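Dear colleague,

I am handing over the structure that follows, and below it you will find some notes on two regions. Please read them with the model open beside you.

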Amino acid sequence: MAIDLEFYSPVHQIKNNLFDERGLTVFIKRDDLIDPIISGNKWRKLKYLLKKAQAANKNHLVTFGGTYSNHLLATAAAAAKFGFKATGIVRGEAVDNDSLFLCRLHGMNLIFTDRETYRDKPAFFAKYFEDDPDAIFIDEGGASPEGARGCSELIDELPDAYDHIFCACGTGTTAAGIINGIEGLGLKTQFNAVPVLKNGGFIRDEINKFLIQPSDFTLHTDYHFGGYGKTDKRLIEFIKTFVAETGILIEPVYTGKMLYAIYDLAVKNYFKPGSRILAIHSGGIWGLLGMTDRF
């Protein structure tokens, strides 16, 4: 089966009095509309990994994630769609939740492991899957050169030029791909990464791993809200207001933090008047399943 997915990812303008007052025009790239489950950067990162597996005659995808991992769910759905077997290595004690239910429903086998063992993913794969000639290793979040390649294609789809592009960052793969796309077209766009983890400065090194050439970009490390999967009342209230005013569903783990950063930077006059800003909606809205009690 051809590894391909027809999708629709438009660019919509976000209207807000704050942006009008600051002379800003803000848009959002709706990668959340690519697919109900294989959405956003999840599909972009998986695309060439699946093509790599197919070219190598590997039909067993082995990947990693937490108990509410959007990557695990997207991989499970992609495996079902394109005829692969899938195994998800889940960090932590065995649990049942809505996200893992959907993984299983798509045919993914789940193996739970302690956090210490989980840290060395290649060693885990080698120990348990070295005798499986059909198995292929896919890192957590799809972190890989192939993942960055898929994300770089986002830039080719843009209808206009922008002064700033913003994206939330977990592994740095999406950011690296977008930067490669910007550089490949010779654009003067400034890329802004918003790490969703505490002490996110290390993301710079992760991004640099997948860059085709050294590139300048900006990290905004003050919008983690306590760390990965962490939040507080400010972020929750922002998300509730944003969704109610725009009709665009976002979550607190990735896109919510990135958009909060844009609004906060606008309040602080970070942007020059007249700037055109593009936010990347990286999908992942199934992450809301584990956070409904916070709203």
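Two strands count as paired if DSSP finds at least two bridges between them, strands (E, at least two residues) and helices (H or I, at least four) being DSSP runs numbered from the N terminus. The model is predicted, so to speak of local features a pLDDT of at least 70 is needed and side-chain atom pairs count only at pLDDT 80 or more, while totals for chains, interfaces and linings use all residues. Residues are numbered from 1 along each chain as its sequence is written, and side-chain values use heavy atoms, with hydrogens and water left out.

An open sheet of mixed pairing is formed by 6 strands in the order β1-β2-β10-β7-β8-β9, and its edge strands, β1 (11-14) and β9 (218-219), each pair on one side only. β1 runs antiparallel to β2 (residues 25-30), with 4 bridges between them, and Val11 stands opposite Lys29 of β2.

β3 pairs in the parallel sense with β4 (residues 85-91) over 6 bridges, where Phe64 stands opposite Ile89. β3 is also parallel to β6 (residues 135-137), joined to it by 3 bridges, and His60 has Ala135 as its bridge partner there.

Best regards
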